Structures are given as structure tokens and as C-alpha cells.
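Please open the structure in your viewer and keep the selection tool at hand. This tour moves from one selection to the next, and at each stop it says what is there.

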Amino acid sequence: MKPDIHPDYHEITVEMTDGTSYKTRSTWGAAGDVMKLDIDPKSHPAWTGVHRLIDSGGQVAKFNKRFEQFGLKK
């Protein structure tokens, strides 16, 4: 490898949505940083099979208001 062209590779802690955590090596952040996940395999519908509607910033409400004249059921 060429010297001084690669990002710093260091150890970080990844915290899952249920509070569990593990250590891994990454180029993200700085050494010792904690990456807190919003979605992980324990909460994502693709792995759990349970679908939840996550309204980020009122987008679902905005959609419902915009298309309420079409008789969409809420």
C-alpha cells in the first residue's frame, strides 16, 4: 500500500437499538467513538417480519392531508 493515502482504521463501538453493543474496526469517526444505530437487524422489518410505519418529520401526515380528497382511509 502507498503510505499516507489511506484513512485511519481504528476501533469503535457500535450500539444497537436494544442497548447491546460490540466493538469493531472502522474508518468512521475517531478511535473510541460510539456509533448509535437507529435501525438494525433487530428492528428492521426485512429481518423481523414485523412492519412498522415510521413517520419521520410528519411525512405520512403531510401525504394524508395532500391526498385526503381521493378518499384514502387512514
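Which residues does Ser26 touch, not counting residues up to four places away in sequence? Select Ser26 and you will find that it touches Asp8, Tyr9, His10 and Ile12, where contact means heavy atoms within 4.5 Å.

Before going further, note that this is a predicted model, in which local features need pLDDT of at least 70 and side-chain atom pairs count only at pLDDT 80 or more, while totals for chains, interfaces and linings use all residues. Residues are numbered from 1 along each chain as its sequence is written, and side-chain values use heavy atoms, with hydrogens and water left out.

**The whole protein**

Show the protein as a cartoon, and look for two helices and three strands, which follow the pattern β-β-β-α-α along the sequence. Helices (H or I, at least four residues) and strands (E, at least two) are DSSP runs, numbered from the N terminus. Of the 74 residues, 11% count as buried; buried means under 20% relative accessible area, exposed means over 50%, and partly exposed lies in between, with a 1.4 Å probe and protein chains only. If you display the surface, the protein exposes about 6,500 Å², of which carbon and sulfur atoms supply 55%; these areas come from the Shrake-Rupley method with a 1.4 Å probe. Among contacts between residues at least 6 apart in sequence, 7% join residues at least 24 apart.

**The sheet**

Next, select the three strands, which form an open sheet in the order E2-E1-E3 with mixed pairing. The edge strands are E2 and E3 (34-36), and each of them pairs on one side only. Neighbouring strands of this sheet are turned by 35° against each other on average, direction ignored; the axes behind such angles are lines fitted to C-alpha atoms, for helices over the stretch in contact, and angles run from 0 to 180 degrees between N-to-C directions.

Leaving out residues up to four places away in sequence, Thr20 touches Val14, Glu15 and Lys42.

Return to Ser26, which lies in strand E2 (residues 21-26) and counts as buried because its relative accessibility is 17%. The side chain of Ser26 reaches the backbone nitrogen of Trp28 at 2.9 Å.

Beyond its neighbours within four places in sequence, His10 is in contact with several residues, among them Thr24, Ser26, Trp28 and Ala31.

Then select His6, in the segment before E1, which counts as partly exposed at 45% relative accessibility. His6 and Thr27 are 21 residues apart in sequence, and 9.5 Å apart in space from C-alpha to C-alpha.

**The aromatic rings**

For the last stop, select Phe63, Phe67 and Phe70, which ring pairs link into a cluster. The structure holds two aromatic pairs. In one of them, the rings of Phe63 and Phe67 have their centres 4.8 Å apart and their planes at 45°, so this pair is tilted. Rings of Phe, Tyr and Trp (its six-membered ring) pair if their centres lie within 6.5 Å, and planes under 30 degrees apart count as stacked, over 60 as edge-to-face and the rest as tilted. Phe63 is partly exposed, with a relative accessible area of 44%, and Phe67 counts as partly exposed at 24%.

Note on methods:
Polar contact = N/O pair within 3.5 Å; in protein donor to acceptor, adjacent residues only side chain to side chain. Pairing = 2+ DSSP bridges.
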